[in-house]
Amino acid sequence: MTEHLTRRHILGSGAALAALSASKQAAAGSTIRVYESGNYQDANGVTLRMVKRPAPKAGPGQVVMRVRATGLNARDRSLLRGVRIYGGAGEAPTRVPFDDNAGEVLSIGEGVTRVAVGDRVICTHFPLWIDGPWDDATMSKMDFGVNVDGFCAEQAVVPAEGLVKIPPSLSFEEACTLPNAGLTAWNAVVREARLLPGENVLTLGTGGVSVFCMQWAKMQGARVGITSSSDEKLARMKELGADFTINYKTTPNWHEEALKQTDGKGLDAVFNTVGIGEMDRSIRASASNGRVLVIGANPVAPSGDNTQAVGLKDFPRNMIMRRLRVQGVLVGSRRMLTDAVKAIETNNIKPVIDKVFPFDKVLDAMNYMESGAKVGKIVIKI
Ligand SMILES: NC(=O)c1ccc[n+]([C@@H]2O[C@H](COP(=O)([O-])OP(=O)(O)OC[C@H]3O[C@@H](n4cnc5c(N)ncnc54)[C@H](OP(=O)(O)O)[C@@H]3O)[C@@H](O)[C@H]2O)c1
C-alpha cells in the first residue's frame, strides 16, 4: 500500500496523511464498525445491528473508501424490514446496507489509476454502468446494499471504475446524496425528459428524488411545480424555487389543478416518483408531446386507494392522441453522475438535506424517515 503514497500525496494533503495512518492500522489487522442487515430482526422487526469486521483490503481494480457519509433512500425502509425488494426466496443475505456514499480513498489496489489516496470521492449506484445504455444482465450484478455490501460502515471496498471526484463546493454529507437520488433525478430530467426552457413540469412529493428533480428542472429553465401532503413542506419548496405547488391531500385530483396552472395546456413533463397510484393522473395532466417519467414503482397508491391506477380503457387513446412518451428511469451511469457533478459546480446547486444523524443513531434516522416528516434527504455522518 505504501508504494502508492507518493511524495505529492503525502505533502499535498492532510487527508492523505490521515489515510496513511488509517491504512497502517488496516494493514496491522485492525477492525472497523459496520452495520449489517439480513438474518436478524429486533423486537420491532428491524434488521439492523452494528458489528465489527476486519478492515477491508483493496483487490486489483478496487479502492478502499474511508466512508464519511451515507444516507437513506426509500427502498432502505423495505430492506431494513427484511423485504427482499427484487424477490428471491429464503432468508435475506447478510449485507451492509445503503448505497448513498461519500468518503476518501484510503488505499488502492493493483492497476488503479483513476483516483489517488486522499481523493474525496463518491461511487455511483451501479458501479458497472459506466456509459451508454443500461444492460440488466451485466450491470445489475453490483447493487450496493442489495447484492453487495453497501456504505453503512467506516470503510467500504468499491470498484475504482465507479468513482467520481467530489467538487470542492460540497461537503461529504451533501455529496452522499448524489449517487442515488441526485443521479436518478438527473437521468429523468436531463437525459430522458430533455426539458426545454419555459416548459411546464411537475414533480411528485418532497422526497429525495423529487426535490432533486425540482432543482435540475429549474437549472434547465423550466417552470416547475411540486406536490406534497403538507402546506409547510410546500412553503419550503417555494423558498427553494418552486413556481407553483399543489397539496395532493387537499387536492387529490391534482391533475385538474395542474391543467389550471398551465392555462389548460397541460404539463410537458411529469416526474412520477410514486408509481401506479399516480399514473392515471400523470397522463391526464400531460400536454401534447408530454413525457411521463416513471421513477417510483409502488404497487398501490400510498393511501392504499388503488382506484386511480392506470385507466386502461383511456390509456392507449391518451398516449396516441397526445403523442405522449412514458419512460422508465433507472438511477443512472457514471457518465451521468460526472455530468451532474459538473452542473453542481457550474450552477452552485446545494442538495437539500433535512437532518444529519451520527453513525450510532442509524435506527433513529430510519424511524425519522418512517415518520414522513422530512423533505429531501436524511444523511448519516460517519
Ligand atoms: N427508478 C429508480 O432508479 C429510483 C431511484 C431512486 C428512488 N426510486 C423510487 O422513487 C420513489 C421516491 O424515492 P425517494 O428516495 O425520493 O423517497 P422518499 O425520500 O422517501 O420520499 C417519498 C415522498 O413521496 C411523497 N409521496 C408519497 N405519496 C405521494 C403521492 N401520492 N403523491 C405525491 N407524493 C407522494 C411524500 O412526499 P410528501 O412528504 O411531500 O407528501 C414522501 O416524502 C420511491 O418509490 C423509490 O423507490 C426509484
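This report describes a ligand site and several individual residues in a predicted model.

## The ligand and its shell

The ligand is surrounded by 27 residues. The closest are Thr 206, Ser 228, Ser 229, Tyr 248 and Lys 374. Sorted by class, the shell holds 11 nonpolar, 12 polar and four charged residues.

Domain 1 covers 2-83 + 92-177 + 351-381, and domain 2 covers 182-328. Both give residues to the shell, so the ligand lies between them.

## Polar atoms at the ligand

Lys 233 reaches the ligand with its side chain: one of its N or O atoms there is 2.7 Å from a ligand oxygen atom. A backbone N or O atom of Gly 208 lies 3.0 Å from an oxygen atom of the ligand. For Ala 74, a backbone N or O atom lies 3.3 Å from a ligand oxygen atom. Taken alone, the ligand exposes 930 Å², and the protein buries 84% of that.

Asp 100 sits in the loop between H3 and strand S4 (102-108). Its relative accessibility is 0%, so Asp 100 counts as buried. The cut-off for buried is under 20%.

The side chain of Asp 100 makes two listed polar contacts. One joins the side chain of Lys 377, at 2.7 Å. Another joins the side chain of Asn 73, at 2.8 Å. Leaving out residues up to four places away in sequence, Asp 100 also touches others, including Ala 69, Thr 70, Phe 151, Cys 176 and Asn 180.

His 125 is in the loop between strand S5 (120-123) and helix H4 (136-139). With 3% relative accessibility, His 125 counts as buried.

Its side chain meets the side chain of Asp 99 in a polar contact of 2.6 Å. A polar contact of 3.4 Å links the side chains of His 125 and Asp 143. Not counting residues up to four places away in sequence, His 125 touches Arg 75, Met 142, Phe 144, Pro 179, Asn 180 and Val 331, among others.

## Val 201 in strand S8

Val 201 belongs to strand S8 (residues 200-203). Its relative accessibility is 0%, so Val 201 counts as buried. Among the residues it touches, leaving out those up to four places away in sequence, are Leu 195, Ala 217, Val 224, Leu 267, Ala 269 and Phe 271.

Phe 244 is another of these contacts. Val 201 and Phe 244 are 43 residues apart in sequence. In space, they are 9.9 Å apart, C-alpha to C-alpha.

## Two positive phi angles

Phe 98 has a phi near 80°, a positive value in a residue other than glycine. Phe 98 lies in the loop between H3 and S4. Its relative accessible area is 1%, so Phe 98 is buried.

Arg 194 also has a positive phi, of about 45°, although it is not a glycine. Its place is in the loop between H6 and S8. Is Arg 194 buried or exposed? At 57% relative accessibility, Arg 194 counts as exposed. Exposed requires over 50%.

How values were computed:
Residues are numbered from 1 along each chain as its sequence is written. This is a predicted model: local features need pLDDT of at least 70, side-chain atom pairs count only at pLDDT 80 or more; totals for chains, interfaces and linings use all residues. Side-chain values use heavy atoms; hydrogens and water are left out. A residue is near a molecule or strand if one of its heavy atoms lies within 4 Å of it. A polar contact is a pair of N or O atoms within 3.5 Å; within protein, one must be able to donate a hydrogen and the other to accept it, and residues adjacent in sequence count only if both atoms are side-chain atoms. Accessible areas come from the Shrake-Rupley method with a 1.4 Å probe; for residues, only the protein chains shown count as cover. Ala, Val, Leu, Ile, Met, Phe, Trp, Tyr, Cys and Pro count as nonpolar, Asp, Glu, Lys and Arg as charged, and the others, Gly among them, as polar. Domain bounds come from an automatic or database domain assignment. Helices (H or I, at least four residues) and strands (E, at least two) are DSSP runs, numbered from the N terminus. Buried means under 20% relative accessible area, exposed over 50%, partly exposed in between (1.4 Å probe, protein chains only). Contact means heavy atoms within 4.5 Å.
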